[in-house]
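The sequence and structure come first.

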Amino acid sequence: MMDLVFRDAEVVDGSGGDSYRADVGIEDGRIVSIVKEAAAAGCQRPTARRVLDAEGLALAPGFIDMHAHSDLALLRDPDHSAKAAQGVTLEVLGQDGLSYAPVDDRTLAEVRRAITGWNGDGSDLELDWRTVGEYLDRLDRGIAVNAAYLVPQGTVRMYAMGWEDRPATERELNRMRRLVAEGLAQGAVGMSSGLTYTPGMYASDSELTELCRVVAEYGGYYCPHHRSYGAGALRAYEEMVTLTREAGCALHLAHATMNFDVNEGRAPELLALLDEALDAGADISLDTYPYTPGSTTLVALLPSWAGEGGPDATLERLRDAATAERIRHHLEELGSDGCHGVPVDWHTIEIAGVSDPTAAGRVGSRVDDWRTARRLLVDDRLGTTILQHVGHEENVRTIMRHRVHTGGSDGILHGLKPHPRAYGTFPEYLGRYVRELGVLSLEECVAHLTSRPATRLRLPDRGLVKEGYVADLVLFDPTTIASGATYENPRTLPVGIPHVLIDGKFVMEDGKRTDVLAGRSIRRTP
């Protein structure tokens, strides 16, 4: 007697092959039986303690969010319906080179301030870990969905040498190598960078190559937010391909978009660059979200020199009139490296969240000019989150069709009005881009969201509906699945996803979040 049988489900198994009708049985958290066309074939139908009629519904592996910013949200909010309700069963954390392990006391205090706009300042939580392993142990106490972790290169650099914009000494580089190796040995799946964020962006290619050599030794992958998504984007992509080829390291390109007016219609050039490398034997994958605008912090737009020395030094520069004018000149006239080499258009910048409650009335409005931005940065102590409306729909569609594409929400859950991708990425793919637009078939899209990321993460028993695999599953209605999240109401949950299971346990049942905390850390497979 099995624990559960999904009867007459349309199985979209994650392989990319044709779907099929089957009864799927689960026992002890694993898929133990798949009987195709059981009724038509006159087979003995599997029995279980619970039989769930799945006729008209698609049964797929749980979705894997390859780029998530839930590092503190998973601890803060046990419900975590933002992801569970989408069918996400695994998130990859530690993104963009900035997260909360490995740290010492100084580094933890600094990184909390640096990414307050992403996750809040953490003052509501007991941040009682210091190593990657201790952070993963904290996740193992029970979270809503599973989580893997990338060693954040910017945090590592901050730990080893502070916020200085200079080459690392050999001693500092050795310390960074050791921190990365320790994080990977403790279970991290790779290393991330944020090369438009300080202090990680101060690293040279040679420094990054040396760290990537360590990642390669442990069988991990490098996940860079590279040096530009605007002017010079193609050069920045090529830099990452060349760097990882030199290091012998697998490469996963984070939120691989082609944004800003300078890149309109240029997605085929990016894909041609990647195809050439893939055909030559490179190990490359990428993720995107199915939206045009991006989201980050307002302080991230500043030129890199304005961030040297850390958040307090940045605030002092903003308060000084002459230095603030120099920052404005870089932003509005030269195009700062923090804004991808493109002069900022303030009308594309929408305020998504603030740390100062007295500024809450500004959320949802556009930034008028530099004076407004400067005042907000100072008053909000660099904690402001923004949407940047600079994307191109045809680029989005072109890149999501690529053979190594996966899905990543890049979802920032903090703030009063976050980007709708945090709550809507996966149903947006399946509802809008599969059913409504036909950009991908249902089977193709499910493979992008399941087996492809599982392969990148080297997960031997996830990402497919297959006997012996872990029962991380999502049951959805392909005729109604849709994102409820909009730019005006970004925290609305999706529709058409009645059931989500992790380890064979219902975390979503009949469209409602259960109280089950089945998620755990997913650690690097040796």
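This is a predicted model: local features need pLDDT of at least 70, side-chain atom pairs count only at pLDDT 80 or more; totals for chains, interfaces and linings use all residues.

Q: Is Asp410 buried or exposed?
A: Asp410 is not a glycine, yet its phi is positive, about 50 degrees. Its relative accessibility is 6%, and buried means under 20%, so Asp410 counts as buried.

Q: Where is Asp510, and is Asp510 buried or exposed?
A: Asp510 is in the loop between β19 (505-509) and β20 (512-513). Phi of Asp510 is positive as well, near 55 degrees, in a residue other than glycine. The relative accessible area of Asp510 is 58%, and exposed means over 50%, so Asp510 is exposed.

Q: How many disulfides does the structure hold?
A: A disulfide is a covalent bond between the sulfur atoms of two cysteines. The cut-off for such a pair is 2.5 Å. For Cys249, the nearest cysteine sulfur is that of Cys212, 4.6 Å away, so Cys249 is in no disulfide. The number of disulfides in the structure is zero.

Q: Which cysteine sulfur is nearest to that of Cys445, and how far away is it?
A: Cys445 counts as buried, at 1% relative accessibility. Cys445 is in no disulfide. Its nearest cysteine sulfur belongs to Cys223, at 19 Å.

Q: Which residues have the most contacts inside the largest nonpolar core?
A: In soluble globular proteins, nonpolar side chains tend to be buried together. The largest nonpolar core here has 120 residues. Apart from it lies another core, of 27 residues, with Cys339 and Trp370 among them. Inside the largest core, the residues with the most contacts are Tyr222, Leu430 and Phe476.

Q: Which residues does Leu430 touch, leaving out those up to four places away in sequence?
A: Leu430 is one of the residues with the most contacts inside the largest core. Its partners include Cys445 and Phe476.

Q: Are α8 and α9 roughly parallel or roughly antiparallel?
A: Two packed helices are described by the angle between their axes and the distance between the axes. The axes of α8 (residues 170-185) and α9 (residues 205-217) come within 9 Å and cross at roughly 30 degrees. Angles under 35 degrees count as roughly parallel, so α8 and α9 are roughly parallel.

Q: Which residues of α9 make the contact with α8?
A: α8 passes α9 in a right-handed crossing. On the α8 side the contact is made by Leu173, Met176, Arg177, Val180, Ala181 and Leu184. On the α9 side it is made by Glu207, Glu210, Leu211, Val214 and Val215.

Q: Which residues does Val51 touch, not counting those up to four places away in sequence?
A: Val51 is in strand β4 (residues 48-53), and at 39% relative accessibility Val51 counts as partly exposed. Val51 and Arg7 are 44 residues apart along the chain, while their C-alpha atoms are separated by 6.7 Å. The residues touched are Val5 and Arg7.

Q: What is omega of the cis peptide bond that joins Thr198 and Pro199?
A: Pro199 is in the loop between β9 (190-194) and α9. Another cis peptide bond joins Ala101 and Pro102, with omega about 5 degrees. For the bond joining Thr198 and Pro199, omega is about 0 degrees.

How values were computed. Residues are numbered from 1 along each chain as its sequence is written. Side-chain values use heavy atoms; hydrogens and water are left out. Buried means under 20% relative accessible area, exposed over 50%, partly exposed in between (1.4 Å probe, protein chains only). A nonpolar core is a set of buried Ala, Val, Leu, Ile, Met, Phe, Trp, Tyr and Cys residues joined through side-chain atoms within 4.5 Å. Contact means heavy atoms within 4.5 Å. Axes are lines fitted to C-alpha atoms, for helices over the stretch in contact, and angles run from 0 to 180 degrees between N-to-C directions. Helices (H or I, at least four residues) and strands (E, at least two) are DSSP runs, numbered from the N terminus. Angles under 35 degrees count as roughly parallel, over 145 as roughly antiparallel, 65 to 115 as roughly perpendicular and the rest as oblique. A crossing is left-handed if the near helix is turned anticlockwise from the far one by less than a right angle, and right-handed if clockwise.
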